[in-house]
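Please have a look at the structure first, and then read on.

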Amino acid sequence: MSNDNKSIHEFDFNLICEYFSSVERQGPGSPEVTIKALGFIDNLHSNSKIADIGCGTGGQTIVLAENTSGYIAGIDLFPLFINLLSENVKQKRLEGRVKGVVASMEELPFEPEDLDLIWSEGAIYNIGFERGLKEWSNFLKKGGYIAVSEVSWYTEKRPKEIEDFWMDAYPGIDTIPNKIAQMQHAGYVPVASFILPENCWTEHFYAPQPEAEKIFLKKHAGNRLAEEFVANQRHERQLYHQYKDYYGYVFYIGKKI
């Protein structure tokens, strides 16, 4: 296996999907953080319509359902993720209120001004923060809310190694003040923003991965691309521990004007 770390863009999406289907969360977060962000949302009721875009296997979708009384559509491009969400929905007996939908965040299956709340934890980067905020606004009612978590710089300057890594992985990364300005420019009143605690990375995202890696590598023994993908994930973890003072995930909550 090469010692050179590949860009995340060089790996097959199906391989990435398979790997992350074996862990509860596909990005940094926690139930506590989901509930905290939800606390900034007003006027939800039993008929509210909520979309969790890029829901993955639905860890946060279930938390949303357990802490609201409306209807939730979990949207993800990968059928494997939606199947796992649907299994969790059945186990929690939430079939009447939560539905998994296979769809692209670029072509959402909603009518204009159909939604009371749009949620997206660690996924809006797939379409881009600014683009997502602008396009998804069309599906929100006036006075509706959007709540997204997004990787952001904590500082104006940072070491070259971590700057290069994130500029390759996600060129849309920016500082917190600039992200808030982008939200305002997209037609929202910025209601709140807060940094996700370190345990959202270490405990809830990274800690389960070594066991998942063992299973993944055993299944794909001798597969160079699988080995390189695992090496990429390990490299990302090492960078986080080394440079966590410079970046992290931030929740941004806005209200449509």
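**Helix packing and a pocket**

Helix α5 (residues 129-136) packs against helix α7 (residues 176-185) at an angle of about 25°, and their axes are 9 Å apart. That makes α5 roughly parallel to α7, where angles under 35 degrees count as roughly parallel, over 145 as roughly antiparallel, 65 to 115 as roughly perpendicular and the rest as oblique. This is a predicted model, in which local features need pLDDT of at least 70, side-chain atom pairs count only at pLDDT 80 or more, and totals for chains, interfaces and linings use all residues. Residues are numbered from 1 along each chain as its sequence is written, and side-chain values use heavy atoms, with hydrogens and water left out.

**α5 and α7**

- The crossing of α5 past α7 is right-handed (near helix turned clockwise from the far one by less than a right angle; left-handed if anticlockwise).
- From α5, F129, E130, L133 and K134 meet K179, Q182, M183 and H185 of α7 (contact means heavy atoms within 4.5 Å).
- The residues of this contact divide into 3 nonpolar, 2 polar and 3 charged (Ala, Val, Leu, Ile, Met, Phe, Trp, Tyr, Cys and Pro are nonpolar, Asp, Glu, Lys and Arg charged, and the others, Gly among them, polar).

**α2 and α3**

- Helix α2 (residues 31-38) and helix α3 (residues 59-66) have axes 10 Å apart and pack at about 50°, and they are therefore oblique to each other.
- α2 passes α3 in a right-handed crossing, with P31, T34, I35 and L38 of α2 and Q60, V63 and L64 of α3 making the contact.
- By class, the contact of α2 with α3 has 5 nonpolar, 2 polar and no charged residues.

**α8 and α10**

- The axes of helix α8 (residues 199-206) and helix α10 (residues 224-243) cross at roughly 155° and come within 11 Å, so α8 and α10 are roughly antiparallel to each other.
- α8 passes α10 in a left-handed crossing, and the contact is made by W201, T202, F205 and Y206 of α8 and E236, R237, Y240 and H241 of α10.

**The second largest pocket**

- About 200 Å³ of space lies in the second largest pocket.
- Its lining has 13 residues, with E24, G58, G59, I62 and N88 nearest the centre (lining residues have an atom within 4 Å of a point on a 1 Å grid; a pocket is an open set of points where a 1.4 Å probe fits, with protein on both sides within 12 Å along at least five of seven lines).
- α4 gives the most to this lining, with 4 residues.

Notes: Axes are lines fitted to C-alpha atoms, for helices over the stretch in contact, and angles run from 0 to 180 degrees between N-to-C directions. Helices (H or I, at least four residues) and strands (E, at least two) are DSSP runs, numbered from the N terminus. Grid points are joined across faces, edges and corners, and a volume is the space filled by probe spheres set on the points.
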